[in-house]
Amino acid sequence: MSIMVTGGAGYIGAHVVRLLLERGEDVVVVDDLSTGREDRVGEATLVELDVADGDAQQRLELVMREREVDGVIHFAARKQVGESVQRPAWYYQQNVTGLANVLAAMEAVGADRLIFSSSAAVYGMPDVEVVTEDTTPQPINPYGETKLVGEWLIADAERAWGLRSASLRYFNVAGAGWADLGDPAVLNLVPMVLDRLARGERPTIFGDDYPTPDGTCVRDYIHVLDLAHAHLAALDRLGQGEERVFNVGTGQGASVAEVIAEIGLPRNPAVGACWAGGAGPPRPDVGRRWCRCRCRPSRPRTPRRPRVRRSPRGRRRRRAESSSRGRSDRAGRRRCRCRPRPSRPRG
Ligand SMILES: NC(=O)c1ccc[n+]([C@@H]2O[C@H](COP(=O)([O-])OP(=O)(O)OC[C@H]3O[C@@H](n4cnc5c(N)ncnc54)[C@H](O)[C@@H]3O)[C@@H](O)[C@H]2O)c1
């Protein structure tokens, strides 16, 4: 008996492959090597194959029969949100058709155990502090939609032919279990920060007005090795409970500024983040407007009074009175007392 890992040459898949090999499993990796690398699969057999291809189902069946596959861990998918917005049909083809081919092959050969790489992207932007499995999924992009459709497809296969499955909704995956298995893509926060530091540049923070303590975006980061262990635990426990969908995160958020400080500061205290647009770290909103010279709070603006035509003599008199009080300029705005009135060129 063996375990098939689709996408096993990729970042997360390669960690799971290595753990499976370490515990003596027979592993066959199916990967088209579009983002994965051959040297990441170690002693496992690699079959180069696009799971979304027209003949993928037959080829998968062949491999499953030859290698007596009884369980599949399905990672093979596209994962870039922006790309999914630009190429939605391709994302559905890759992520949904690819999964459908894997399920059809599993049904044909009687392999009935599946672990599916889902994503917290299925939740969209929920208005809750902590996202649980009971939070209603409302994906906001095609990538998240393909993952949710994948979960539905799997639930239907369970009902139709007795598949046993678990869908794991990962949050933000980071780190490396082994030095040679780091995330090769510079798409997520941690690789982006490391990439900037390696080039001797300061990481840039985009977005400083989130409703969080330091104003930067808070997310839940999970170490890739913990996530890999979660796959093995789920595989071992399949069929022992009714649950099918699990969030996999730490339950604790970290802000972008905190992550950058954690990565950069211990090694080089001189390395700090810079804020996009030069805005600087956000300050708490004290709910008051301040005079530009910061001497005292300015008064809230009041609506302008309607203009009334007055005689030129009256206008001259009122202007003389007001300048003797020294508090308003010509437009009637209150001026700060601590600054001298701007001098005008004489002429
Ligand atoms: N990395 C994250 O933060 C994260 C978060 C949530 C969910 N996920 C999901 O986890 C899975 C793995 O992600 P990853 O970070 O390891 O990505 P990755 O790009 O490193 O790995 C994906 C692997 O699948 C292969 N692949 C892609 N499409 C394929 C296809 N049609 N046929 C065969 N092989 C194909 C790639 O070559 C690669 O080896 C994906 O399904 C992704 O959606 C990742």
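Predicted model: local features only at pLDDT ≥ 70, side-chain atom pairs only at ≥ 80, totals over all residues.

Residues are numbered from 1 along each chain as its sequence is written.

Around the ligand lie 28 residues, the closest being Gly 7, Gly 10, Gly 36, Ala 76 and Ala 77; a residue is near the ligand if its C-beta atom, placed from the backbone, lies within 6 Å of it. Two or more residues of this shell come from each of helix H1 (11-22), helix H4 (88-109), strand S5 (113-119) and strand S7 (172-174), and the largest share, 3 residues, belongs to H1. Helices (H or I, at least four residues) and strands (E, at least two) are DSSP runs, numbered from the N terminus. By class, the shell has 11 nonpolar, 12 polar and 5 charged residues, where Ala, Val, Leu, Ile, Met, Phe, Trp, Tyr, Cys and Pro count as nonpolar, Asp, Glu, Lys and Arg as charged, and the others, Gly among them, as polar.

H1 also packs against helix H7 (residues 224-237), at an angle of about 60° and with the axes 9 Å apart; axes are lines fitted to C-alpha atoms, for helices over the stretch in contact, and angles run from 0 to 180 degrees between N-to-C directions. That angle makes H1 oblique to H7, given that angles under 35 degrees count as roughly parallel, over 145 as roughly antiparallel, 65 to 115 as roughly perpendicular and the rest as oblique. The contact of H1 with H7 divides into 9 nonpolar, 3 polar and no charged residues, and H1 contributes Tyr 11, Ile 12, His 15, Val 16 and Leu 19 to it (contact requires C-beta atoms, placed from the backbone, within 7 Å).

H4, for its part, packs with helix H2 (residues 56-66) at about 45°, the axes being 8 Å apart, which makes H2 oblique to H4. Their contact comprises 8 nonpolar, 2 polar and 2 charged residues.

S7 belongs to an open sheet of 3 strands, in the order S7-S9-S11 and with mixed pairing; strands pair if DSSP finds at least two bridges between them. Because S7 and strand S11 (253-255) stand at the edges, each with a single partner strand, one side of each is left without a neighbour in the sheet. Strand S9 (residues 218-223) runs antiparallel to S11 and is joined to it by 3 bridges, with Arg 219 opposite Ala 254 in S11. H7 packs on this sheet, where it touches S7 and S9.

Technical notes
Contact = placed C-beta atoms within 7 Å.
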